[in-house]
Amino acid sequence: MTKKSFRPDVDAPEYKGAYVPYDIIKEGAIAVLVVVILTAALALVFSSPDERAVTIKTWSNADAVDFAQTAGNELAGTSAVANYGAPYNSNGTSQHWGFLSPEKWVGVHININTTNDFVINPLSAQPDQPALTAALNEWKSASSATQAKWDDAFNKAEPNLTYVNGQVHLPTTGAGPIPVLLNFETAMARSGALDQALVTQNGFYTTNFTKPLLFISDGTYFAGLAAKQHLTGSQWGMMNETGQYPGQAWLWLYTFWYQVHPYSTSASGDFLVWGTMMILTALLILLPFIPGLRSIPRRIKIYRIIWREHYANQA
Amino acid sequence: MSNAQIERQWTSRLRRSVVEKLPPDKLLPDTQPAYVASWIYVFGVTTMAALGMVIATGCILALDGPQWWHSSSLGHFVNSMHLWSVEIFFFAMIVHLWGKFSMAAWRGGRSLTWVTGAVTFLASILAGFTGYVSQTNFDSQWIATQAKDGINSTGGGAFFNVLNLGQMLMWHIVLLPIAAIVLTGLHVIMVRIKGVVPPFEENVEVSA
């Protein structure tokens, strides 16, 4: 029977040296006390950020043009969310790497039709107003080809859309009922009614803000506020938070990939970043079982600093 | 009932196994090897103390609901303590992680100790993230709308909807704290069973 050889990155030598007194309860109590004092001191000195949430009401009152343009894009089906793909709809190109496209495989689970969910349905729930009812009826009874023609006219005129004296002005005559619908949608938004309409589509009680958040994120106003706070993707994005706070600094590696090629330029950048992070995470968890990687600590010898007294006593 | 029958009971077997693997002097030791003499060792217990602080401040925030801290100065202070205890928790945990990596702390049959520690780190990241998207302020809006694209690209967004406040809050205050506490408990029990990894033995013949 052969004796199993000692593997220094897997096996540990049997310790036959000295033992010293150790009060584990005292150590724990001191740690708790230090953490309590440190936490209270940091909270007192630095507080915590609490920038008010953006609502559709605040957005449409601060930048009515951006709101009306975004609402028009939702109606015309040309917004980012309208063409997102899974899990919201089947209009977009799914992110993939080679044949791997889990987004596509899972499919649509949170159905979002921006035309109906963000514009037509909220307006249809408004109290009877002849001009609005007529515009809604005109939209609903039109063929897809006619709606597409109106959408096309809107898309061409949209960059020159203005908001003057409480009215949306779209410089075109070919957009059918769209200018009227946008006028009522903007008025509804500025009153705060649209915020409520978007969260109550599933009933009285709700904790799901998917629809208003997707709508808000399609406008440029929201991203502009984030850019001022250094929160956009190219500014290391979601690991930060408003103000001078550390945020989720532990996400630095995840956010790092978004700053470099090919992740920063690929249409499937998110999937590539997540794929990379999943592989790195698996390597971290399974490190003890991976030859080569598990030898790194022994080779870089930082352990000699940690156990310097032990090695000094051995010398 | 005979003694043999009693010995065969599930309860008796479990007690014997627990006492054998984790006798009181291992669970609550009063001595430790002399090589455990570095500041790096305090970051494990600091991580646990910070986890306790995170849970305690989170429980206080839960008393009056998720929006209390926006309108109360006391609530805002408790939220600040929650935030900073999270920052201390992650700082201590990451230093602990690098320290254990430098010691190759998986040696000597401690692989599962490493694995539970690494998985606890991941569960904690998810717990922190769901907290950030549950703040009901601008930060939560922005972080959620940015993060959705990454999660959606994996197909996970269909089931883990970061724009759904109710879902994120429940993960943050129920599921993930349970995961973090259970995993931390397992990790600590493994540390107590196996003890602290001894130093590398230098000048030994290395086999592949």
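Reader: How many residues of chain A are in contact with chain B?
Author: In this predicted model, 81 residues of chain A are in contact with 80 residues of chain B.

Reader: Which elements of chain A supply the side that touches chain B?
Author: At least two residues each come from β1 (19–21), α1 (24–46), α4 (102–106), α10 (210–218), α13 (269–285), α14 (296–300), α15 (303–306) and α16 (308–314) of chain A. The element that gives the most is α1(A), with 12 residues.

Reader: And how do the residues on that side divide into nonpolar, polar and charged?
Author: The side of chain A that touches chain B has 49 nonpolar, 18 polar and 14 charged residues.

Reader: What joins β1(A) to chain B?
Author: Three bridges join β1(A) to strand β1 of chain B, residues 31–33, and the two strands run antiparallel. Within this pairing, A:Y19 has B:P33 as its bridge partner.

Reader: Which residues does B:A50 touch?
Author: Leaving aside residues up to four places away in sequence, B:A50 touches A:V35 of chain A, together with B:S85, B:I88, B:F89 and B:A92 of chain B.

Reader: Let us go back to α13(A). What is its reach from first C-alpha to last?
Author: The 17 residues of α13(A) reach 24 Å, close to the 24 Å expected at 1.5 Å a residue.

Reader: Which of its residues are buried, and what covers them?
Author: A:G269, A:D270, A:F271, A:L272, A:V273 and A:W274 are buried in α13(A). The cover over the buried residues of this helix includes α12 (252–257) of chain A and α8 (138–153) of chain B.

Reader: Now chain B by itself. How many helices and strands has it?
Author: Chain B has nine helices and one strand. Along the sequence, the pattern is α-α-α-β-α-α-α-α-α-α.

Reader: What share of the contacts in chain B join residues at least 24 apart?
Author: The share is 73%, among contacts between residues at least 6 apart in sequence.

Reader: What is the phi of A:H230?
Author: A:H230 has a positive phi of about 60 degrees although it is not a glycine. This residue lies in the loop between α11 (220–228) and α12 of chain A.

Reader: Why does A:H230 count as partly exposed?
Author: A:H230 counts as partly exposed because it has 15 C-beta neighbours inside 10 Å, and a buried residue needs 20 or more.

Reader: And what about B:A104: where is it, and is it buried or exposed?
Author: B:A104 is in the loop between α6 and α7 (111–132) of chain B, with a positive phi near 50 degrees. B:A104 counts as buried because it has 24 C-beta neighbours inside 10 Å.

Conventions
Residues numbered from 1 in each chain as written. Chains lettered and ligands numbered in written order. Predicted model: local features only at pLDDT ≥ 70, side-chain atom pairs only at ≥ 80, totals over all residues. Contact = placed C-beta atoms within 7 Å. Helix = DSSP H or I, 4+ residues; strand = E, 2+ residues; numbered from the N terminus. Nonpolar A, V, L, I, M, F, W, Y, C, P; charged D, E, K, R; others polar. Pairing = 2+ DSSP bridges. Expected span 1.5 Å × (residues − 1). Buried ≥ 20, exposed ≤ 12 C-beta atoms within 10 Å, placed from the backbone.
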